Amino acid sequence: MSKKTTVKTLNAISEKGLSLLTEDYQLDEQADNPEGIVLRSYNMHDMTFPSNLKAIARAGAGVNNIPLDRATEEGIVVFNTPGANANAVKELVLTSLMASSRQIFDGIMWVKTLADQGADVPKLVEQGKKQFVGKEISGKTLGVIGLGAIGARVANDAVELGMDVIGYDPFISIDMAWNLSRAVQRVLDIQEVFEKADYITMHIPLTDDTKEMFNKDTFKVMKDNVYILNFSRGELVHDDDMKQALEDGVVGKYITDFPNAKTLTMKHAIPIPHLGASSEESEENCAIMAVRQLMDYLETGNIKNSVNFPDAALPYRGHKRLTAFHKNIPNMVGQITSVLSNFNLNIADMTNRSYKEHAYTLIDLEGDINDADFMGLEDKLMTIDGMIMTRVIQ
Ligand SMILES: NC(=O)c1ccc[n+]([C@@H]2O[C@H](COP(=O)([O-])OP(=O)(O)OC[C@H]3O[C@@H](n4cnc5c(N)ncnc54)[C@H](O)[C@@H]3O)[C@@H](O)[C@H]2O)c1
Ligand SMILES: O=C(O)[C@H](O)COP(=O)(O)O
């Protein structure tokens with residue numbers, strides 16, 4: 001790379017990750033036209049993408065804060081960092097599960113109200129503690145919805161804590177299925193989780209399909225006094241229905257990592273200020289993974305852990321490389337190679353990978369090629385019907 005590549009951050013990102021950017025990069029929080037963006041939960045939906053932008057790296061799991069369809073249409077790769085914050089979330093889920101079950105949060109709030117009682121505090125504590133008799137989780141049933149990086153860890157550790165665990169995930173990956181304890185009972189119908197669980201924890205992305213999947217119809221099926229833990233996204237729960245279910249005692253406690261004006265006033269809700277991924281280790285893991293993936297893409301065109309492009313890689317041997325992102329329709333590769341042969345360019349290696357309606361082609365070009373050999377190449381490639389983005393890496 002001759003000129004420095006600009007990377008902009010939209011949230012505070014761990015220095016452990018940002019320090020990986022070499023001297024070929026400049027980190028500029030004020031940049032108007034960066035090639036790369038690194039962010040956490042910053043909402044990009046109202047943002048126009050800068051014209052130079054090639055890649056967005058989400059240091060974390062959820063990508064509902066990024067307009068994915070628009071990024072795809074503009075040929076911008078979006079990465080996330082699968083699993084990098086899963087242990088942090090798992091630990092907070094299990095902490096909250098045990099602490100809420102033992103009424104710790106309510107107990108702490110109550111005991112603080114005794115601050116002006118002087119020498120009577122110990123006596124009042126002993127008299128008042130009966131209000132906070134809790135339940136042990138051992139022997140109870142935990143329902144886990146979504147058995148991905150977080151859900152599978154929660155399920156496995158809950159088994160170790162003596163819980164009966166039932167898990168629901170119709171799209172579970174082979175890796176996660178292998179990692180799941182055999183003691184976790186997988187069910188094919190989510191209703192079974194709703195009917196049987198004493199505690200339900202959700203670990204699924206927010207999508208059009210999952211939005212408000214916790215609502216009055218699903219609460220109706222659940223056991224009375226079920227505890228619901230939401231460390232995924234607030235919008236998975238219908239707030240007004242949750243408020244009613246808490247008031248009716250259908251839901252005993254609602255532990256949410258995504259408070260809003262409504263949940264903050266709900267009886268028996270336990271709001272946590274989105275701390276799931278906020279551990280030093282998780283912030284470092286996510287930042288390192290995000291920056292590495294971003295740099296690899298900007299420097300070589302290789303893609304790992306994208307949520308809108310296919311994974312694709314060729315070992316980078318210093319050849320001049322062409323990357324192309326296009327519709328996944330017949331004869332795209334044929335048309336690209338035909339343009340290359342018109343430019344007298346010879347292929348050393350290539351790969352073409354598809355993801356849903358799109359495909360990504362990486363081509364290494366052979367021989368001693370000058371800048372002049374590329375003159376007009378990208379413009380010509382962009383005239384192919386279905387071509388979205390091309391890039392020459394030299
Ligand atoms: N509170 C936090 O700080 C925090 C941190 C990380 C992730 N999250 C949230 O948690 C979610 C899960 O994270 P992850 O790292 O486990 O992601 P993941 O991609 O590893 O796992 C998600 C799982 O959900 C499953 N799934 C999708 N739709 C489903 C459905 N309708 N029913 C059941 N299962 C379904 C998928 O098959 C996948 O196995 C993220 O999307 C994000 O919204 C929150
Ligand atoms: O989806 C995620 O990874 C979490 O919600 C973490 O978000 P954060 O990086 O803003 O803490």
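**View 1**
Strand 6 (residues 141–145) pairs with strand 9 (residues 199–202) in the parallel sense over four bridges, where strands are DSSP runs of E with at least two residues, numbered from the N terminus, and two strands pair if DSSP finds at least two bridges between them. Within this pairing, L142 stands opposite Y199 in strand 9. Strands of a sheet pair through backbone hydrogen bonds, in either a parallel or an antiparallel manner. As this is a predicted model, local features need pLDDT of at least 70 and side-chain atom pairs count only at pLDDT 80 or more, whereas totals for chains, interfaces and linings use all residues. Residues are numbered from 1 along each chain as its sequence is written, chains are lettered from A and ligands numbered from 1 in the order in which they are written, and side-chain values use heavy atoms, with hydrogens and water left out.

**View 1. T141 is found in strand 6.**
T141 counts as buried because its relative accessibility is 15%, and buried means under 20% relative accessible area with a 1.4 Å probe and protein chains only, while exposed means over 50% and partly exposed lies in between. Leaving aside neighbours within four places in sequence, T141 is in contact with M163, D164, I166, K196, A197, D198 and Y199, contact meaning heavy atoms within 4.5 Å.

**View 2. Strand 3 is joined to strand 1 and to strand 4.**
Three bridges join strand 1 (residues 5–9) to strand 3 in a parallel run, with V7 opposite G36. Four bridges join strand 3 to strand 4 (residues 55–58), also parallel, and here I37 stands opposite I56. From strand 3 (residues 36–39), G36 and V38 point one way and I37 and L39 the other way, and all are buried.

**View 3. Ligand 2 and the residues around it.**
The surrounding residues, each with a heavy atom within 4 Å of the ligand, are R40, S41, R58, A59, G60, A61, G62, N85, R233, H274 and A277. Oxygen atoms of ligand 2 lie 2.5 Å from an N or O atom in the side chain of S41, 2.8 Å from one in the side chain of R233 and 2.8 Å from a polar side-chain atom of H274; a polar contact is a pair of N or O atoms within 3.5 Å. Taken alone, ligand 2 exposes 320 Å², of which the protein buries 88%, the areas coming from the Shrake-Rupley method with a 1.4 Å probe.

Methods: A polar contact is a pair of N or O atoms within 3.5 Å; within protein, one must be able to donate a hydrogen and the other to accept it, and residues adjacent in sequence count only if both atoms are side-chain atoms.
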